[in-house]
Amino acid sequence: MDKRIIKTERAFTQALFHFLNEKELNKITVKELCDYAEMNRGTFYLHYIDIYDLMDKTEQKMVDRIYSGNHSELRPINDSLLNVFDYIKRHKEEYKTLIVKHLSFGFINKLSDKILAESMPIMEKLIPDVNEETLKNASYFYVGGAVALLRGWLENDCAIPCEELLNASIIMAEYIYKTRIKNELTEH
């Protein structure tokens, strides 16, 4: 990508987060963003339809960056998750703004969709002999827990080490598996 485009998008993203830390999205104006980013309105509209488009694209980039380079069939899932947690911790102020301060449902939905896509292969291995609907429901349960875990971690300024957060994630997945095994045993 052209360095000028990267610089422009970065400037508008920084301006967006600056104002999100002061007020709600619907109270931010394009003029404020342009003044803060030291860009003109024409440049803004060349890249974005409106502030909501900027927010949507920013949220998507943040989700994509969490997982970029972290997923590989050759890499153990624990290593991938540690990299995800480490990345979020290094950029915690931005993630806190969207998950804790503003509770951006657009971002949470995008993040949930990504976690769901990444967790489905894991769930298929943990509970291989269930129908597709049960697998999806178990995955939704896991995703809800993962997002809540992430939110709590960010609320506490990422004070818990990434390894402990990973252990909590593993416990959630094991809980799903153990509950299923327990239910199967009591049914027979």
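Visitor: Why is Phe19 called buried in this predicted model?
Guide: Its relative accessible area is 9%. Buried means under 20%, so Phe19 qualifies.

Visitor: Why is Tyr36 called partly exposed?
Guide: Tyr36 has a relative accessible area of 42%. Buried ends under 20% and exposed starts over 50%. The value for Tyr36 lies in between, so partly exposed is the term.

Visitor: What makes Phe12 and Phe44 an aromatic pair, and why is the pair called edge-to-face?
Guide: The ring centres of Phe12 and Phe44 are 5.2 Å apart, and the limit is 6.5 Å. Their planes stand at 80 degrees. Edge-to-face needs over 60, so the label holds. Phe12 lies in helix H1 and Phe44 in helix H3, 32 residues apart. Both Phe12 and Phe44 are buried.

Visitor: What makes Phe19 and Tyr36 an edge-to-face pair?
Guide: The centres of Phe19 and Tyr36 are 5.7 Å apart, with 75 degrees between the planes. Those values meet the 6.5 Å limit and the over-60 rule, so the pair is edge-to-face. This pair links helix H1 to helix H2, 17 residues apart.

Visitor: Which residues do ring pairs link into a cluster?
Guide: Phe12, Phe44, Tyr45 and Tyr48. The structure holds 8 aromatic pairs.

Visitor: Which residues have the most contacts inside the largest nonpolar core?
Guide: Leu33 and Phe44, in a core of 53 residues. Helix H8 supplies the largest share, 9 residues. Beyond four places in sequence, the contacts of Leu33 include Phe12, Phe19, Phe44 and Leu54.

Visitor: How many helices and strands does the protein chain have?
Guide: 9 helices and 0 strands.

How values were computed
Residues are numbered from 1 along each chain as its sequence is written. This is a predicted model: local features need pLDDT of at least 70, side-chain atom pairs count only at pLDDT 80 or more; totals for chains, interfaces and linings use all residues. Side-chain values use heavy atoms; hydrogens and water are left out. A nonpolar core is a set of buried Ala, Val, Leu, Ile, Met, Phe, Trp, Tyr and Cys residues joined through side-chain atoms within 4.5 Å. Buried means under 20% relative accessible area, exposed over 50%, partly exposed in between (1.4 Å probe, protein chains only). Helices (H or I, at least four residues) and strands (E, at least two) are DSSP runs, numbered from the N terminus. Contact means heavy atoms within 4.5 Å. Rings of Phe, Tyr and Trp (its six-membered ring) pair if their centres lie within 6.5 Å; planes under 30 degrees apart count as stacked, over 60 as edge-to-face and the rest as tilted.
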